[in-house]
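This report goes through one protein chain, from its overall make-up to its side-chain pairs. The sequence and the structure come first.

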Amino acid sequence: MQSIVVGQKKVADAAEAAARLSWKDAAERAGARILSVPARCDGLSTSFTVRYGFIANLIVEEARFSDLVVFKPVAGDERPEFSNAINGTLSRANRPILLSPHRPRASFGEKVVIGWNGSDAAARAATAALPFLKRASSVDVLRVIDAGNAIAPADALKDYLALHGISANLCRASCGAKQSVGECLMEDATNRGDLLVMGGYGHSHLRETFLGGVTLDIVSHHNLPVFLAH
């Protein structure tokens, strides 16, 4: 038992050391001020915290008092704890998340696309993303048409955005013969903008896990930053 404990401690120490190096490198490149503990200050700042426990539960616990939780790209062989953390942050902590893309992009948030299906989750995402939408040079409300769904009205969303000084364009995309809604949404959004805003797990995330769904398609195959809210 002692040898197992010692071995796990070595693994944890190595992971922490690698994370610290990555964090410091990112902070230096971003010009962020490094703090020993979180504190309000002028400009961009960052701090590093070490926690021990089940990773999904720890992330969800920390997310409860976060304005936005940023996740790295999802790999094909990703550990289940990672997807559990995404699910938990959206559905349990009820906080918005930002999925970073697999490859760096030249711009971010200049042209925003809202994936709209009329759901409560999509409405929540649009309202939560207002700080991004207000800074964007263009905002498209994109509705995907497929054989199984009627087009969702978006006039109320357009009026809401107008009250915040945001002029939105209503757009449509049609799925190809072999395309899922998620694939169609991502393809069209990638052509139109540099940030996709959409509802996460509009249905039960358990149901989407078993039956598939737009959220799972997007999380697994996103080519641009994705802002999600539940």
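A residue is called buried under 20% relative accessible area, exposed over 50%, and partly exposed in between. Aspartate 25, at 38% relative accessibility, therefore counts as partly exposed. The model discussed here is predicted.

**Overall make-up**

The chain has 230 residues, of which 37% are buried. It holds 9 helices and 9 strands. Of the contacts with a separation of 6 or more, 72% are between residues 24 or more positions apart. The accessible surface of the chain is about 13,600 Å², and carbon and sulfur atoms supply 54% of that area.

The largest nonpolar core contains 31 residues. Those with the most contacts inside this core are Phe71, Ile86, Ile97, Leu99, Leu196, Val226 and Leu228. Another core, apart from the largest one, has 25 residues, including Trp116, Leu130, Ala154 and Leu195. Beyond its neighbours within four places in sequence, leucine 228 is in contact with Leu90, Pro96, Ile97, Leu99, Met198, Gly199, Gly200 and Val219.

Helix 2 spans residues 55–63, and Ala56, Leu58, Val60 and Ala63 are buried in it. The buried residues of this helix pack against strand 3 (69–71) and helix 3 (80–91).

**Surface and loops**

On the surface, Met1, Ile4 and Val5 form a nonpolar patch with about 350 Å² of accessible area together. Valine 5 belongs to helix 1, residues 2–30, and is partly exposed at a relative accessible area of 45%.

Two loop residues deserve a note. Asparagine 94 is in the loop between helix 3 and strand 4 (97–99). Its phi is near 55 degrees, a positive value in a residue other than glycine. Most residues other than glycine have a negative phi. Asparagine 94 has a relative accessible area of 36% and is partly exposed.

Glycine 118 sits in the loop between strand 5 (111–115) and helix 4 (120–128). With a relative accessible area of 42%, glycine 118 is partly exposed.

**Aromatic pairs**

The whole structure contains 4 aromatic pairs. In one of them, the ring centres of phenylalanine 108 and phenylalanine 132 are 5.8 Å apart and the planes are at 85 degrees, so the pair is edge-to-face. Phenylalanine 108 is in the loop between strand 4 and strand 5, and phenylalanine 132 is in helix 5 (residues 130–135), so this pair ties together parts 24 residues apart in sequence. Phenylalanine 108 is partly exposed at 39% relative accessibility, whereas phenylalanine 132 is buried at a relative accessible area of 14%.

Phenylalanine 132 also forms an edge-to-face pair with phenylalanine 227, at 5.7 Å centre to centre and 65 degrees between the planes. Because phenylalanine 132 lies in helix 5 and phenylalanine 227 in strand 9 (residues 226–229), the pair ties together parts that are 95 residues apart in sequence. Both phenylalanine 132 and phenylalanine 227 are buried. Through these ring pairs, Phe108, Phe132 and Phe227 are linked into a cluster.

**Salt bridges**

A search of the whole structure gives 8 salt bridges. Among them are the following:

| Aspartate 25 | Arginine 29 | 3.0 Å |

Aspartate 25 and arginine 29 both lie in helix 1, 4 residues apart, about one turn of the helix. In an α-helix there are 3.6 residues a turn, so residues three or four places apart point the same way. Arginine 29 is exposed, with a relative accessible area of 64%.

Glutamate 61 lies in helix 2 and arginine 51 in the loop between strand 2 (45–46) and helix 2, so the pair ties together parts 10 residues apart in sequence. Glutamate 61 is partly exposed at a relative accessible area of 38%, and arginine 51 is partly exposed at 35%. A network of salt bridges links Arg51, Glu61 and Glu62.

Aspartate 140 is buried at a relative accessible area of 11%, while arginine 192 is partly exposed at 30%. Leaving out residues up to four places away in sequence, aspartate 140 touches Val112, Val113, Ile114, Asn169, Cys171 and Arg192.

Notes. Residues numbered from 1 in each chain as written. Predicted model: local features only at pLDDT ≥ 70, side-chain atom pairs only at ≥ 80, totals over all residues. Heavy atoms only, no water. Patch = residues over 30% accessible without salt bridge, like charges linked within 9 Å, V, L, I, M, F, W, Y side chains within 5 Å. Areas by Shrake-Rupley, 256 points an atom, 1.4 Å probe, with all protein chains shown as cover. Salt bridge = Lys/Arg side-chain N within 4 Å of Asp/Glu carboxyl O. Buried < 20%, exposed > 50% of the residue type's maximum accessible area, 1.4 Å probe, protein only. Core = buried A, V, L, I, M, F, W, Y, C linked by side-chain atoms within 4.5 Å. Contact = heavy atoms within 4.5 Å. Phe/Tyr/Trp six-rings, centres within 6.5 Å; stacked < 30°, edge-to-face > 60°.
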